[in-house]
Each structure stands twice: as C-alpha cells, then as structure tokens.
Amino acid sequence: MQIQGYNMPDDLYYEENHFWVRPEDEILVMGMDDFAQTMAGEIVYVQLPEEGKKLKKGKRFAKIESGKWLGKVYAPVNGELVEVNEELETNPGLINDDCYGKGWMFKIKPDDMAELEDLIHGPEAIEKWLLADIERYAA
Amino acid sequence: MVKMKLYNLGKVPWYESQLIYHALAKLGQEALVLLSPSTPYVCIGFHQNPAQELDLEYCKANAIPVFRREVGGGAVYLDGDQLFFQLILRKDNPIVPKKRGVFYKKFLSPVINVYRRIGIHAEYRPINDVVVKKRKISGTGVGEIGDCIVFVGNVIRDFDYEMMERVLRVPDEKFRDKIKKSLIDNLTTIRHELGEKRAKQCDEKRLSQMLVEEFQKIIGPTEDMAMDDLLQNMVNDLKRIMLNDTWLHQKGKRKLGTEVKIRSGVKVLHRTHKAAGGLMRGDFEIRDGRFVNVSLSGDFFCFPSNGINRLEEMLEGCKTDMARRVIKEFYCKDDIETLGIGVEDWMHIFEVN
C-alpha cells in the first residue's frame, strides 16, 4: 500500500522505529521500511552482529550508517539472531534499492511468536502511524 | 524555559575532546559543547577498521593516539587548530528533523554564519558539508548515542595536510601524493581564506563566542556549565572502555582496496583484483559521480599493448554507473585481447555501490 509516496506493504508488521517484520514459519525476517530508508538516504554501512546474539525487544542490537549519520537498529521482539544478510557487508545500498526484498537485514527466532501482535499491523494502524510520523518528521 | 547547558571548555586533553559528548549523551543530558584538543590524535568512524585505514606503526612511533568514535564518517587527523562543536539533543526534542539533509542544513547554519561573520563566504552543500567555492571547510557527523542525537563538527582554523595523509595507510607513495593533492584541492581553512594576519584575529575564544551566539538562534538561551562529578565520573568510565584496544580494534566494515574520502563527492581509490589472467590494479578518483585520473596497470597480457591506455581514456570523465557499458564497448572496438580477463574482472576494480 502506498501512503503519501511511501511503499508500506500492509501484510507486514512494523516496529515503531521503522523496521518491518515478516513471519516465515518459525522465523521472523526484518529490515528497514521505505520511510526510514528514504529519510536515511544512501546507506553505507550495516553492522552485522554474530549469529546467536540474544535480542531484547526495543533495545539496540546493531548500527547503521548513512550520510555520516550513525543510527541504531532496534530489536522488534525478544529472541535470538539466527541469520544476517551477508550481502549487506559489501553492498549496504541494497536497503535503498529493495528494502523489502534483497535488502532484508536480519532473521530472528522469537522467544514468543505472540509478541508480533505488539507491533503495528493492518492497513488502518499502519496508515495512522505513518501519517503521524510524516507530519512529525518529513513534512 | 529550561536553558540548554553550555560547556565552553577551551583546550582539553585529547581524549576528553571525544569522551565528553559521549558521556553527556549516555547521561541523556542535552548540551552544546565547544572545545579543542590540547594535543593531536586520529579519530576514525565507528564502521572503520583502524588497521585497514591507518598506518598504525607510524601513529605509534610518533605518539599519535587513535580513537574510534560512536559517530559516522571516516578517519580524520585532529589537532588544536580545529575548534570542535558538539551538540547533544534528545531524540524526542521537537527541533530535531529526522531527514538527514534537513537536519544537517538546519544545524550547519550556525557554522556557516560564523564563517560569514569573519568574511568567508561559506555555503551549505548536501548532505553535510560546509564549503567555500567547492572546498570543504568543516567536517561533521552524527551519532545516535543513548537516547540522544549527537551532532559533532569542527571549525578549521588551520589544517596539517601532511600529517593527515601521513597517518593513512596507503598502498604506495604515488597514492599518498594523490591524497595530499586531493586534500589541498578540496579542503580549505580560515588561514588559507583570510591570510595569516586576518586569520590570527580569529582566535579560538572569538570563534567560540560567535558559535554560541549563532547556535542560540536555534537552541535558545544557554547556561554556562563546568564539568561536575557526574559528568567526570561518566567520562572516566568511558575512558576505560573507549581507550581500550578491544574497543578500537572491533570488527568494522570490510573494504575493497583502499578508499579515502576527501569530501562529499570526492574519493581517491586504489583497487586490485586477481583475475585468471593476472593481477589487475586500478588507481583513480571519483569526483561528483565521474571517474577522474584513471591509471591502470598489472601483470596481465594485453594486445595491442597500448590497449590499456585506450581503456583509461575511455573511462576518464565517464559516469561511474556507465563503467560496465564503457568496458563492454572497449572490448567491442578494434581487436582488443586481454587473456584471462573479462568485463566482470574490470568491474571488480570499477564497481561503485
């Protein structure tokens, strides 16, 4: 679904700092959403932590850099990091080119799949949240 | 109205010129900090590998410390001829724009105004540069530290070009000369712009006062502060962590060859690639999206022997995203033969992400 020019697929779950989450069987795939990658500009570095790292919901677990701006990646759920997108080490711009596809960032094994329900989901909720952030940050 | 804290500290030990803003951010305290290091050091960006970027042996032999900051950007030689400004703002402060370009434009305006007040016509250049006739005159970066956004940068009174290129790790002296030339072409200083006599009038105290006045136009009135125990203790805690080799040498970004960013849009590169037909080497610059000063060499076979000069000429001035097309054209023209080397091998040298 398009919201004021930002591509925000409505089947995904979103963390409030603009990271998307997609369930694939027992695993959650996550990445940066279109709004965040647009705000960030050209991404030049993604920190790829070791697989097996324990993640705490809402806490920073990696860093990401664009335009000499070193930002944070937040864990959307409690769980364990099971895979990182190695392609991003040499080509972090994949996040700009294809943030929901080749630019995926991490795969997480959640402690409790039910935590997904705490994330922003469904067309109405996504639109309301994004419009508020557009007004706050991008107007 | 709560006044923003102002730490106008003058000369401080080199490590405090980095640790104070990290400490304030971790304490969640908004502040404007102005200071300058009493001795020189090298500061690398968070994503960099010091061993890959710097001549660490030279730094050690010359007692030049190296620090990894929690802020973006690349390696830089810092000394007391540069005045640092560091603005620590809480992430939820409504004066903080989320879009990178908007943020930089807003918070670089005080710096630009200071330069203009002393007679230098500085301008904003996206995304985060302050330039005078295309030459950079302030380096800046941002880091999200704790619950804060930290904006750091410098006002450059004078710059030691020679030391800057000397501390970098480079493949050979030819590359070193290129870096120095590019630095001189693309980076200027107050001393250079105003001349020795007028530049001397712009001492640290005067520039600091002007920075305070200009930043106040955005952040409101400020309250003079001195380092208290809480801040000093946090600085001491961070000193133990951030001056430690484990912090300095943590894994950074893997790099293809050597690449030195001079300013936004200008990079000097050296890349090598081991192809089936032999070792290939490319030295070139990227200026505003185009290849410049392309020099190719290696131990591979090329017929005719001047074919490689032809490829250099074809790539000179070409847009970086046209590299593949130009290299394909090179092979289509005449009867070029490079045994064991094809388009994809050249792309290892010229691929720009």
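How many residues sit between strand 8 of chain B and strand 9 of chain B, and which residue in the turn has a positive phi? I found two residues between them in a hairpin, with B:Lys133 in the turn at a positive phi of about 45°.

Ground rules first. I'm on a predicted model, where local features need pLDDT of at least 70 and side-chain atom pairs pLDDT 80 or more, while totals for chains, interfaces and linings use all residues. Residues count from 1 along each chain as its sequence is written, chains are lettered from A and ligands numbered from 1 in the order written, and side-chain values use heavy atoms, leaving out hydrogens and water.

Strand 8. I took strands as DSSP runs of E, at least two residues, and helices as H or I runs of at least four, numbered from the N terminus. Strands pair if DSSP finds at least two bridges between them. Strand 8 of chain B pairs antiparallel with strand 7 (residues 123-125) over three bridges, and three bridges also join strand 8 to the antiparallel strand 9 (residues 135-138). I looked up B:Val130: B:Tyr124 stands opposite, and its partner in strand 9 is B:Ser138. Strands 7 and 8 of chain B form a hairpin too, with three residues between them.

Faces. Side chains in a regular strand alternate between the two faces of the sheet. In strand 8 of chain B, B:Asp129 and B:Val131 on one side and B:Val130 and B:Val132 on the other are all buried (under 20% relative accessible area; exposed is over 50%, partly exposed in between; 1.4 Å probe, protein chains only).

Loop check. B:Asn93, between strand 6 (82-90) and helix 4 (100-117) of chain B, counts as buried because its relative accessibility is 15%.
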